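Please look over the sequence and the 3D structure shown below before reading on. The paragraphs after them go through the structure one part at a time.

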Amino acid sequence: MGEVKRFLFGKEKIEALPSPKPGSRDTYHDSKISGLQLRVSSTGVKTFSIYRRTKGGAPERVTLGRFPAMTVEQARKAAASVNAEIEAGASPATARRAVRGEPTFSEAFETFLSGKRKRDGTPLAESTKRDYQDVMRLYLGTIAGKKLSQIERAEVKAIHRKANTKSAAQADRAVAVVSAVFTFMADQEVFTGPNPASRVQKNPPPSRDRFAQGYELPYLLEAVARSDQRDYFLLSLLTGARRSNVQAMTWRDLDLPGAVWRIVKTKNGTPQNVPLSPEAVMVLKARQERAGTSPFVFPGTGKTGHLVEPKKAWATILRTASLLRLLDALKLEDSARTEADALLAQGIAKAEKRHHALATAAQINPADFAMTDLRIHDLRRTLGSWQAKTGASMAIIGKSLNHKTHQATAIYARLDLDPVRQSVNVATAAMLEAAGLKEGADVLPLRQKRSKS
């Protein structure tokens, strides 16, 4: 064996080490981690290993990996793991097998998908698994093939920075997935090292308090009435339910005489009874008269059998609502307004082009009337906001929207459905009155989609 030297291992220092004479080998000790060595062969191969004595006193060596494929930090993590195994009484051979048998992140990820359970003990939903797989495919490829102990916090930070250029939310989600996988493997006692996603600074959460204001509701509901997905968006607004639940609504879960929709399982993993306002019941009864053989209220042609989030339809609704606001601002004469409505019925693009030009000529900025920042989820927030505006308590709102917090769960569980129903009905009446669709106690028919003829 060649001369033994000791220094604080570092990338640049190791790269600068000379190769020993042919047939010999130099050994260097890390001054930070006890037993961590770097051996350099005459051909320039540099290999990390642990060299220490067992409790029986016999010296043993455990090879960890080659530099630079294994970094200094990764070697230190692996050395710490081997030291911990030996201190716990394992033989060097057992410690070696533990290091070599450690899963890669990709392997750990697959174990996580199949073994992770939600709070209620059920497996992850298939949609959740697909979301995680998308994150893995799009952002986590750089660490997929690495052993868990080889993944450093700097790499997770780099993943976050790169993903941030596309989406702040997805960047945070990528870090969350890494953290979840490491936490799961620690819970399964497969990995005992540090979680490299811990303390990675995430983006500040965006403040989101958007909902449809009173002056916006007439235009929004007018645009909804023109859509092929009119009923879906109306029920999303009138029930305040999560869009995934509205999409998967079945006829057997509806008690229209009792005006209750029973959601068997929500995002929180709990069932929910949704009180249906008279307007919601009216929409559902009209739809039931036209229903086919599908068990779903909103059937679809895909593998789910029901409607999948209609993003294009929502985008068209928002553009239509924005243009309707702009047309009112232009104060067109009756004949010009009739012509504008006819052009809009032919398609949103032509109508936008023409009337945006008219607005610009009149020194009116079309952006001042845009409603395109509304999201489908804001329909849910809209009901809750109008409940608050009409005097409902936070507990009532939380119960109606099936919010779940540790502090409020006990309160919600004691609430009767009647005050929730009253709150939803009052809020619905206020929204429709603001939209000009309800007068006093009389419900006015929601207009049907206009013919394109």
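The model is a predicted one. The protein holds 18 helices and 10 strands. Of its 453 residues, 44% are buried. Contacts between residues at least 6 apart in sequence can be sorted by how far apart the partners are, and 60% of them join residues at least 24 apart.

Consider helix H8 (217–225). How many of its nine residues are buried? Eight of the nine are, so H8 is largely enclosed by the rest of the structure. The buried residues are Leu-217, Tyr-219, Leu-220, Leu-221, Glu-222, Ala-223, Val-224 and Ala-225.

One of the elements in contact with H8 is helix H9. Two packed helices are described by the angle between their axes and the distance between the axes. For H8 and H9 the angle is about 145° and the axes are 8 Å apart. On the H8 side, Leu-221, Val-224 and Ala-225 make the contact, and on the H9 side Arg-230, Phe-233, Leu-234 and Leu-237 do. By class, these residues are six nonpolar, no polar and one charged.

The crossing is right-handed. H9 brings Phe-233, Ser-236, Leu-237, Leu-238 and Thr-239 to this contact, and H15 brings Leu-379, Arg-380, Thr-382 and Leu-383. Here the classes are five nonpolar, three polar and one charged. Phe-233 and Leu-237 take part in the contact with H15, and they are also listed in the contact with H8.

Thr-239 is a residue of H9 to look at by itself. Is Thr-239 buried or exposed? Its relative accessibility is 4%, so Thr-239 counts as buried. Leaving out residues up to four places away in sequence, Thr-239 touches Val-246, Trp-261, Val-274, Leu-276 and Leu-383. Leu-383 belongs to the H15 side of the helix contact described above.

H13 runs over 13 residues, 334–346, and at 1.5 Å a residue it should span 18 Å. Its end C-alpha atoms are 19 Å apart, which agrees. Which residues of H13 are buried? They are Ala-340, Asp-341, Leu-343 and Leu-344. These four cover an arc of only 160° around the axis, which puts them on the same side of H13. An α-helix has 3.6 residues a turn, so residues three or four places apart point the same way. The other side of H13 has the exposed residues Asp-334, Ser-335, Thr-338 and Gln-346. The cover over the buried residues includes helix H12 (311–330) and H14. Just after H13 comes Gly-347, with a positive phi of about 155°.

Apart from neighbours within four places in sequence, Met-185 is in contact with Pro-103, Ala-108, Thr-111, Leu-148, Val-190 and Phe-191. Met-185 and Lys-116 are 69 residues apart in sequence, and their C-alpha atoms are 9.9 Å apart in space.

The last stop is the backbone in some of the loops. Most residues other than glycine have a negative phi, and most peptide bonds are trans. Arg-199, in the loop between H7 (168–187) and H8, has a positive phi near 65°. Arg-199 is exposed, with a relative accessible area of 69%. Gln-363 has a positive phi as well, about 60°. Gln-363 lies in the loop between H14 (348–361) and H15, and it is exposed at 78% relative accessible area. Where does Pro-68 lie? Pro-68 is in the loop between strand E5 (59–67) and helix H2 (72–87). The peptide bond from Phe-67 to Pro-68 is cis, with omega near 5°.

How values were computed. Residues numbered from 1 in each chain as written. Predicted model: local features only at pLDDT ≥ 70, side-chain atom pairs only at ≥ 80, totals over all residues. Heavy atoms only, no water. Left-handed = near helix turned anticlockwise from the far one by under 90°. Helix = DSSP H or I, 4+ residues; strand = E, 2+ residues; numbered from the N terminus. Contact = heavy atoms within 4.5 Å. Nonpolar A, V, L, I, M, F, W, Y, C, P; charged D, E, K, R; others polar. Buried < 20%, exposed > 50% of the residue type's maximum accessible area, 1.4 Å probe, protein only. Axes fitted to C-alpha atoms, helices over the stretch in contact; angles between N-to-C directions. Expected span 1.5 Å × (residues − 1). Arc of directions from axis to C-beta.
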